[in-house]
Amino acid sequence: MTLFADPVLVLVMLVNFVVLGTSRMRATIRASAAQGAILAVLPLLVQQEVRWHILVMAAGAATLKGLVIPGLLQKAMRDVQIRHEVEPYVGFLASLFIGAGGSGMAILFSSKLPLAPEHAGGLLVPAALSTVFTGFLILVTRRKAISQVVGYLVLENGIFIFGLLLIDAMPFMVEIGVLLDLFVGIFVMGIIMNRIREEFASLDTEHLAELRD
Amino acid sequence: MSALLVVIAAALSAVSGLPPLLARKHSRGADLFSAALLVTGSLVGLAAVGTAVAGVGGPPLRLEWHLPGALLEIAVDGLSALFLLPLFVISGLGAVYATSYWPPLRHPRTAPLLRLFYGVTTSAIAIVFVARNSILFLMAWEVMALGAFLMVLTEGRRRDVRQAGWIYITATHTGTLALFALFAIVASLNEGSFHLGLLRAGLASSPAGMAVFWLALFGFGLKAGIMPMHIWLPGAHAATPSHVSALMSGVLIKTGIYGLVRILSLFPDPPLLWGGVLLAFGAVSGVLGVAYALGQHDLKKLLAYHSIENIGIITMGLGLWLGGRSLGEPVWAVLGLAGGLLHVVNHAFFKALLFLGAGSVIHATGTREMDRMGGLLGRLPRTSSTFLVGAVAICGLPPLNGFVSEFLIYLGLLRPATSPGPVAIGAAGAAAALALIGGLALSCFVKAFGTVFLGTPRDPATFRAHEASAMTLPLLILSGLCVFVGLFPFATAPLLNRACLGAGLPADVSRAAPLATLSLVQIAIAAVLLGVSWLLARRLRDDVARRQPLPTWDCGYAAGTSRMQYTSSSFASWSVDLFRWALSPREEKPRFPHPFPAKGHYESHVPDAVLDRILVPAFRRGGWLLSRARVIQRGQMQLYLLYVVIILLVLLWRV
């Protein structure tokens, strides 16, 4: 673990709180995009020697998470003209507290995990767990479909951090596969958003409950 | 070399379905080309069997694979060869048969798909028989199960067909679940390797070994149709086109037997319990299978229940094999295994013959109800004579092949039956069950043949009946095979010896059983039978030439119709009554309260005890219980994700 990785990870965890605490859609999308871009730098910091496949991966992640997906989301937001997440299931302040609690738990929990010695002590595992937790929290508490997508993005960022643990062992193909998976996932969500809007004239996922049998 | 040949055969079968799919609709040329591909594949496969039996099969084929644990390891030993033989014979003949039984001209929508699934299933079964890696085995097993499922659904527009398909897919996946567990345990016993190789001694009686046995009996028994795991078999066999039924009954259900032999032969020292359990399950399947067959009115369901019966006979042979091995009696083991395996081949031949014959009858009359047929002997001469050959063979009567394999099992059972102790009681009981099965089977086929082919036609459709040559050629070849194995049983000795060796049992069948003498006796019986029937036929011909054709004397009743004959149910009612305790047949009798009878209505049928009386009510209740669980189904995405989080946290907590 190099010297620069931990400050970057702290930054990532701070972005989590930004995403949790804001109601303005534009800000959450930008925050998640920033988080993705920061994460794209991480593989270069974690790794001593620079290898070509890590460079490709970093570039790919930065483009996809920092530019393409946020761009798509901004466009979707303009199309449906939604600026705020109104009335989430759990309020912003409360979700901030839950997120903080979750991050604390993540730090406690990761100290108990049987990790390889070179990973123990760093912030990599706590940051991964708390980001995954934040993603889940957003998914569970927010109503609007766009917020859901942001939740997925954050969740994936957490998984990405976890993947850094295995950066030597994990084949390049798997990483690319995960990225592609995310891209397809967002794509499908985009289609679903459009359908929800056409059907119910709103992006509130609550309407989906009408579809159950 | 034989491994490579099998792979080529499997590849040819797998692509044989493509031409009809890609060609124009109704294209007869593409259909014939497809059949030719499959027949070529079968011939290549038979060459593989030949080389393997001759002992020039060469080394197994090994290819590395990227899947963890999986290895493309293909070897053709005697056991594989024995099971491949009926597969390639029947799939090739079935393809020829199908060109005129299910032509694209009459079934433009289903025929091309049926060709595809037929070829793919054939290829998957071939891989099942030669795979030496349990992951490859399971993959082929699943392809086979799904291919068969899609073939069952050929006439999926009909409700009963859909139901049969549904029951089949549920049953086969339940079995596969058991097999997953089974192979996981076998791999753990084999130090984590998925290679199917001999295990060390002493494992069989451990809890893990016992679990392997019971899982194999359940998982493979479900596929083979051992009672009470037979629930899917009658419906699925009746619902598919007849050449598919022939493949299913002749080969597909034998994959269960193959699996049992392959897995149980991995243990060098099976406990006596295994043999006893198999013997008991075999006897029950045999007796109840034929008893259910007696109660059927549907020709193909009748044949399907006979498959259960024959699987029972084969299972008894396997029980004898295991018992002989655990008691250290190689002769019992050889007779049991050789008899059971020979019965696998024999049953494939005569049951395919009977199913194809039944298909020919159904093709001609347009119904599966035996009570609407009758008098087809003269109208379908080749079908009826070959059906008769099949019927004699399945009843285990000399001089045909069914007798040979049952004779081996009898011989094997009679040896322990004369030894002292509880083993003798079991063996003697099994021998008695085998005799009972033979008698009941005979009665059932007298019923079937009599109702379908003898008497006078009951339905006007019967008068138009005719037969096509592409459909009778396979029938003739199959009956030729039945006669050949019946008259020259010693010819099968090399195949059987090698198959026993494949199951880890060095054997010399010709020394364990007097096959040469048997051959002489069989030929003598055949000669006498032929002579007597020739004399009878000559006398009959003279009689017929002299006399006018007259109806049977009907006791002076003035308004007799062709429906006043023995029906299948009236013929069998006595024997069904014997088994009333097990079958509990349902009857709806007409009541005549007035002196002058009005129109009445009579109906009888024999519902399947396990399926209709136990499983269906149980599943219905289970479904009601599970519908209570719908409360958690709120339709809210956030809630579902919350469930995921909770499960995740619980799992993390457990770490």
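Analyst: A ground rule before we start on this predicted model: a helix is a DSSP run of H or I with at least four residues, a strand is a run of E with at least two, and both are numbered from the N terminus.

User: What makes the phi of B:E191 worth a look?

Analyst: The phi is positive, about 60°, although B:E191 is not a glycine. You'll find B:E191 in the loop between α7 (159-189) and α8 of chain B.

User: How about B:S584, what's the story with its phi?

Analyst: B:S584 has a positive phi as well, about 35°, and is not a glycine. B:S584 is in the loop between α23 (580-583) and β3 (586-588) of chain B. With 11 C-beta neighbours inside 10 Å, B:S584 counts as exposed, because exposed means 12 or fewer.

User: Which residues touch the most other members of the largest nonpolar core?

Analyst: B:V6, B:L84 and B:A338 do, out of 205 residues in that core. Helix α14 (residues 330-365) of chain B gives the most to this core, with 21 residues.

User: What makes a residue a member of such a core?

Analyst: A member has to be a buried residue of a type such as Ala, Val or Leu, joined to the set through C-beta atoms within 7 Å. Leaving aside residues up to four places away in sequence, B:A338 touches B:L408, B:L496, B:C500, B:A507 and B:V509. There's also a second, separate core of 47 residues, including A:V15, A:A76, A:L139 and B:L641.

User: How many residues of chain B are in contact with chain A?

Analyst: 9 residues of chain B are in contact with 11 residues of chain A. The side of chain B that touches chain A divides into 4 nonpolar, 4 polar and 1 charged.

Terms used:
Residues are numbered from 1 along each chain as its sequence is written. Chains are lettered from A and ligands numbered from 1 in the order in which they are written. This is a predicted model: local features need pLDDT of at least 70, side-chain atom pairs count only at pLDDT 80 or more; totals for chains, interfaces and linings use all residues. A residue is buried if 20 or more other C-beta atoms lie within 10 Å of its own, exposed if 12 or fewer, and partly exposed in between; C-beta atoms are placed from the backbone. Two residues are in contact if their C-beta atoms, placed from the backbone, lie within 7 Å. Ala, Val, Leu, Ile, Met, Phe, Trp, Tyr, Cys and Pro count as nonpolar, Asp, Glu, Lys and Arg as charged, and the others, Gly among them, as polar.
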